Amino acid sequence: MINVALPKGRLSDEVFALLEKSGYKGASLAKNSRSLILEDEENGIRYFLVKPSDVHVYVLHGAADIGVVGKDTLLEATPDVYELLDLRLGVCDMIVAGPQGFVDPGDSPLRVATKFPNIARKYYGEKGREIQLIALNGSIELAPLVGLSDVVVDIVQTGGTLKANNLAILETILPISARLIANIASYKFKAKEIERMKLALAGEVPG
C-alpha cells in the first residue's frame with residue numbers, strides 16, 4: 001500500500017475533490033469519517049488525516065510515502081523530501097503588510113512579526129535589511145496595530161482581514177499553494193505507484 005498524509009482543515013475539501021476527480025473515489029471515505037486512518041483497498045492506498053503543519057513530518061520520517069502540504073510549510077521547515085507537483089490548491093500569497101502609508105525609515109532594525117521566521121529572515125537577508133523578529137502564533141495583524149511590530153510577514157488570500165484593520169499589503173514575497181511531496185526512500189521503492197498517483201492528479205490540477 002501507499003501511505004498518503006492528507007491535511008485536515010480548510011484545505012481538505014479541495015484535496016478530497018481533486019483526488020476524487022483523479023479517480024481515487026476512496027478519498028470520500030476519509031472526508032466523511034472521524035477515523036484518522038482509512039484504507040482504500042481497491043486502489044491500494046491508506047490515508048492519514050493529520051494537522052497541515054505536520055504532513056511533512058510524516059513524509060520526512062517515512063510514516064507516509066507521500067503527502068499534500070503548503071509551499072509555506074516547505075519553505076519554513078525545509079524538510080528533505082521530494083516536491084513532485086504543484087496542485088494549485090489553497091492558492092494565496094506570502095506578503096509583507098503594515099499600516100496604510102507605512103514607509104520603512106531604514107535607520108533602525110525593522111520589527112517584523114510573523115509565524116514564518118525562517119521565510120522572513122531569508123527574505124530580508126536577501127534585501128540586506130536588518131530586522132528584529134517577533135515570533136507569534138496567531139492574530140498576526142494585531143502586532144502593528146498595538147505597536148508590537150512595524151510590519152508583519154504572513155499569508156493572505158483575500159486581504160479582507162488586512163483591510164478591516166487598516167493594514168495594506170506593502171510587498172509580495174511569493175505565491176503559495178499546496179504541493180504533492182514524497183519521502184525520498186519511498187520514491188525509490190514505490191516509484192511506479194507514486195508516479196501513477198502524481199500523473200492522475202496532474203491531469204486534474206486546476207488551470
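Strands β5 and β11 (residues 178–182) run antiparallel and are joined by four bridges. Within this pair, L85 sits opposite L180 of β11. The model is a predicted one, and everything that follows should be read with that in mind.

The pair belongs to an open sheet of six strands with mixed pairing, in the order β2-β3-β1-β4-β11-β5. As a reminder, strands of a sheet pair through backbone hydrogen bonds, in either a parallel or an antiparallel way. The edges here are taken by β2 (37–40) and β5 (82–86); each has a single partner strand, so one side of each has no neighbour in the sheet. On average, neighbouring strands are turned by 30 degrees against each other, direction ignored.

Two helices that pack on this sheet deserve a word. Helix α1 (residues 12–21) touches β1, β3 (45–50) and β4, and its direction makes about 140 degrees with that of β1. Helix α9 (residues 191–202) also packs on the sheet, with β1, β3, β4, β5 and β11 as the strands it touches. The direction of α9 makes about 25 degrees with that of β5.

Strand β1 (residues 2–7) holds N3. With a relative accessible area of 12%, N3 falls under the 20% limit and therefore counts as buried. Setting aside neighbours within four places in sequence, N3 is in contact with R46, F48, A63, A64, D65 and I66.

Two or more lining residues come from each of β4 (66–70), α4 (71–77), β6 (92–99), β9 (151–156) and α7 (160–164). Of the elements, β9 gives the most to this lining, with four residues. By class, the lining of the largest pocket splits into 17 nonpolar, 14 polar and eight charged residues.

The second largest pocket holds about 170 Å³ of space. It is lined by L75, T78, N118, I119, K122, Y123, E126, I173 and L174. Both α5 (117–127) and β10 (167–176) supply at least two residues of that lining, and α5 gives the most, with five. Five of the lining residues of the second largest pocket are nonpolar, two are polar and two are charged.

Most residues other than glycine have a negative phi. T78, however, has a positive phi of about 45 degrees although it is not a glycine. This residue lies in the loop between α4 and β5. T78 has a relative accessible area of 59%, which is over 50%, so it counts as exposed.

A further positive phi turns up at R88, again in a residue other than glycine, with a value near 55 degrees. R88 is placed in the loop between β5 and β6. At 45% relative accessibility, R88 is partly exposed, whereas T78 is exposed. Edge strand β5 thus brings the account back to where it began: T78 is in the loop between α4 and β5, R88 is in the loop between β5 and β6, and β5 itself has a single partner strand in the sheet.

How values were computed: Residues are numbered from 1 along each chain as its sequence is written. This is a predicted model: local features need pLDDT of at least 70, side-chain atom pairs count only at pLDDT 80 or more; totals for chains, interfaces and linings use all residues. Side-chain values use heavy atoms; hydrogens and water are left out. Ala, Val, Leu, Ile, Met, Phe, Trp, Tyr, Cys and Pro count as nonpolar, Asp, Glu, Lys and Arg as charged, and the others, Gly among them, as polar. On a 1 Å grid over the protein atoms alone, a cavity is a set of points where a 1.4 Å probe fits but cannot get out, and a pocket is an open set with protein on both sides within 12 Å along at least five of seven lines; lining residues have an atom within 4 Å of a point. Grid points are joined across faces, edges and corners, and a volume is the space filled by probe spheres set on the points. Buried means under 20% relative accessible area, exposed over 50%, partly exposed in between (1.4 Å probe, protein chains only). Contact means heavy atoms within 4.5 Å. Two strands pair if DSSP finds at least two bridges between them. Axes are lines fitted to C-alpha atoms, for helices over the stretch in contact, and angles run from 0 to 180 degrees between N-to-C directions.
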